Amino acid sequence: MSNGSFFSEPGRRGGTLAIVLVALIPTCFVGWLLWSSLGGSKDDDGAGGASGPTTSSTSSPPPPSSGASTPSAPSAPSGHSGQSGQSGQSGKPGDPLKGKVVVIDPGHNPHNRDHPSRIARLVDIGTEKKECDTTGTATNSGYPEASFTLDVARRARTLLEARGATVRFTQDGDRPYGPCVDERAEIGNKAHADAVVSVHADGAAAGERGFHVILPKSVRGGGADTSAITAPSRQLGERLRGEFAKATGSTPAQYIGDGSGLDVRGDLGGLNLSTVPKVFIECGNMRDSQDAAELTDTAWRERAARGIAQGITDFLNE
């Protein structure tokens with residue numbers, strides 16, 4: 001069909017309409033693009049493309065976390081964070097020991113061996129006189145008890161401080177020797193400690209395994225009078241025994257304390273001279289190869305610290 005050929009009048013009107021439509025289509029398309037760019041299009045349940053909320057955004061706040069399910073690094077031992085949070089109901093879940101003073105006594109001192117005459121001098125423990133301190137024992141491979149006690153004590157301190165406690169040490173490897181056993185007791189007394197735990201490892205015969213907690217005997221003589229602390233110290237020792245066993249999987253020693261995990265003694269200056277609740281814990285036998293394998297294992301020492309920290313926590317929140 002040539003450009004000069006036209007249909008009748010109706011055809012002319014149709015041709016005119018077609019021309020108008022051709023002119024309007026681009027205009028409508030431009031208008032649609034402008035409207036879309038201004039956010040008029042809503043799909044995906046109202047989320048307007050890139051301008052909508054991100055996947056991390058929510059329309060309602062997350063449920064509040066509870067102390068029993070929210071461990072606080074690094075204080076919340078596996079399986080124990082809920083217990084400590086619940087027992088500390090007087091404070092917020094993460095601070096069950098707020099306001100409490102705990103003294104940890106890392107047994108012996110790595111530098112004692114360098115000062116034999118100083119640690120050998122006698123001091124008064126109330127009922128008798130005994131050596132200022134000793135070097136402690138060691139595994140057959142040479143891992144010293146003094147190194148073990150410092151490591152476990154520091155781990156326990158981290159856990160206890162995270163729970164709100166004020167923790168003090170009798171020594172932190174920062175003294176040339178000692179302190180002597182009478183001074184160790186005095187440090188806890190002057191701190192008005194709510195609990196004192198002296199960390200040790202035993203040096204029994206090979207083949208003897210397990211841990212035990214040493215409680216103060218009721219003694220009175222010289223500067224010693226444990227009559228006021230024997231009962232609370234037993235409570236502390238019982239809590240420590242239970243939580244240490246759960247945390248480490250260790251069993252109470254059968255070679256002492258009739259297998260009860262508790263031993264009462266009246267010949268230790270650190271206990272005799274204490275006026276606040278105090279116990280010793282012998283975490284295992286360094287002279288036994290199986291116990292020594294645990295005592296020299298970093299992961300096991302962390303579990304030991306957790307057991308000690310939880311035993312103290314339980315006692316202080318009774």
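Trainee: What should I know before reading the values?

Mentor: The model is predicted: local features need pLDDT of at least 70, side-chain atom pairs count only at pLDDT 80 or more, and totals for chains, interfaces and linings use all residues. Residues are numbered from 1 along each chain as its sequence is written, and side-chain values use heavy atoms, with hydrogens and water left out.

Trainee: Which residues touch the most other members of the largest nonpolar core?

Mentor: A nonpolar core is a set of buried Ala, Val, Leu, Ile, Met, Phe, Trp, Tyr and Cys residues joined through side-chain atoms within 4.5 Å. Buried means under 20% relative accessible area, exposed over 50%, partly exposed in between (1.4 Å probe, protein chains only). Here the largest core has 37 residues, and Ile 104, Phe 148, Leu 160, Val 197, Ile 308 and Ile 312 touch the most other members.

Trainee: Which helix gives the most to this core?

Mentor: Helices (H or I, at least four residues) and strands (E, at least two) are DSSP runs, numbered from the N terminus. H9 gives the most, with eight residues. A second, separate core has seven residues, including Ile 119 and Tyr 177.

Trainee: Where is Gly 136 placed, and what does Gly 136 touch?

Mentor: Gly 136 lies in the loop between strand E3 (129–131) and H4. Contact means heavy atoms within 4.5 Å. Not counting residues up to four places away in sequence, Gly 136 touches His 108 and Glu 145. Gly 136 is partly exposed, at 29% relative accessible area.

Trainee: Which residues of H6 are buried?

Mentor: They are Ser 233, Leu 236, Gly 237, Leu 240, Glu 243, Phe 244, Ala 247 and Thr 248. They cover an arc of only 145 degrees around the axis, so they sit on the same side of H6. The arc is that of the directions from the helix axis to the C-beta atoms. Just after H6, Gly 249 takes a positive phi of about 80 degrees.

Trainee: How do I describe two packed helices?

Mentor: Use the angle between their axes and the distance between the axes. Axes are lines fitted to C-alpha atoms, for helices over the stretch in contact, and angles run from 0 to 180 degrees between N-to-C directions. The axes of H6 and H9 come within 7 Å and cross at roughly 145 degrees. The contact includes Leu 236 and Phe 244 of H6, and Ile 308 and Ile 312 of H9.
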